[in-house]
Amino acid sequence: MKESDNFFDKVYQVARLIPYGRVTSYGAIARYLGAARSARMVGWAMNNSHNQTEEVPAHRVVNRKGLLTGKHHFDGTNLMQQLLESEGIVVIDSQIQDFERVFWNPLEELS
């Protein structure tokens with residue numbers, strides 16, 4: 001991971017490492033970056049991710065319970081869910097099913 005002083009840039013770097021078919025949470029990214037209380041700031045970064053030149057798979061970042069809390073920031077009514085489902089993730093009523101199985105923890109995976 002290249003060095004950056006910008007928190008949003010660091011968030012985007014981690015988000016780009018989330019594997020296809022897996023998801024993580026705002027808090028898991030914040031903890032990985034050493035800013036455990038900054039889950040909301042990770043959410044703000046995800047809301048702004050569409051402005052990045054290099055794609056950020058923001059659809060793979062959800063809340064700690066597996067809810068698609070950021071879905072209203074995606075174009076289209078159900079785009080976040082459709083993107084996840086295209087990767088094989090089952091979503092019912094904005095809730096990722098089998099969340100523990102598809103959860104990717106950067107603290108474990110990148111350390």
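So, six helices and four strands: the protein has 6 helices and 4 strands, where helices (H or I, at least four residues) and strands (E, at least two) are DSSP runs numbered from the N terminus. Along the sequence the order goes α-β-α-α-β-α-β-β-α-α. The radius of gyration is 13 Å, close to the 13 Å the globule rule gives for 111 residues, so the protein is as compact as a globular protein of that length; that's over C-alpha atoms, and the rule is 2.2 Å times the number of residues to the power 0.38.

Quick caveats. This is a predicted model, with local features needing pLDDT of at least 70 and side-chain atom pairs counting only at pLDDT 80 or more, while totals for chains, interfaces and linings use all residues. Residues are numbered from 1 along each chain as its sequence is written, and side-chain values use heavy atoms, leaving out hydrogens and water.

Okay, packing. Buried residues make up 44% of the 111, buried being under 20% relative accessible area with a 1.4 Å probe, protein chains only. Take contacts (heavy atoms within 4.5 Å) between residues at least 6 apart in sequence: 65% of them join residues at least 24 apart.

Now, which residues of helix α3 are buried? In α3, residues 39-47, they're V42, G43, A45 and M46. Down the axis of α3, these buried residues fall within an arc of 160 degrees, so they line one face of the helix; the arc uses directions from the helix axis to the C-beta atoms. And what covers them? The cover includes α1 (7-15), α2 (26-32) and β2 (61-62).

Terms used
Buried means under 20% relative accessible area, exposed over 50%, partly exposed in between (1.4 Å probe, protein chains only).
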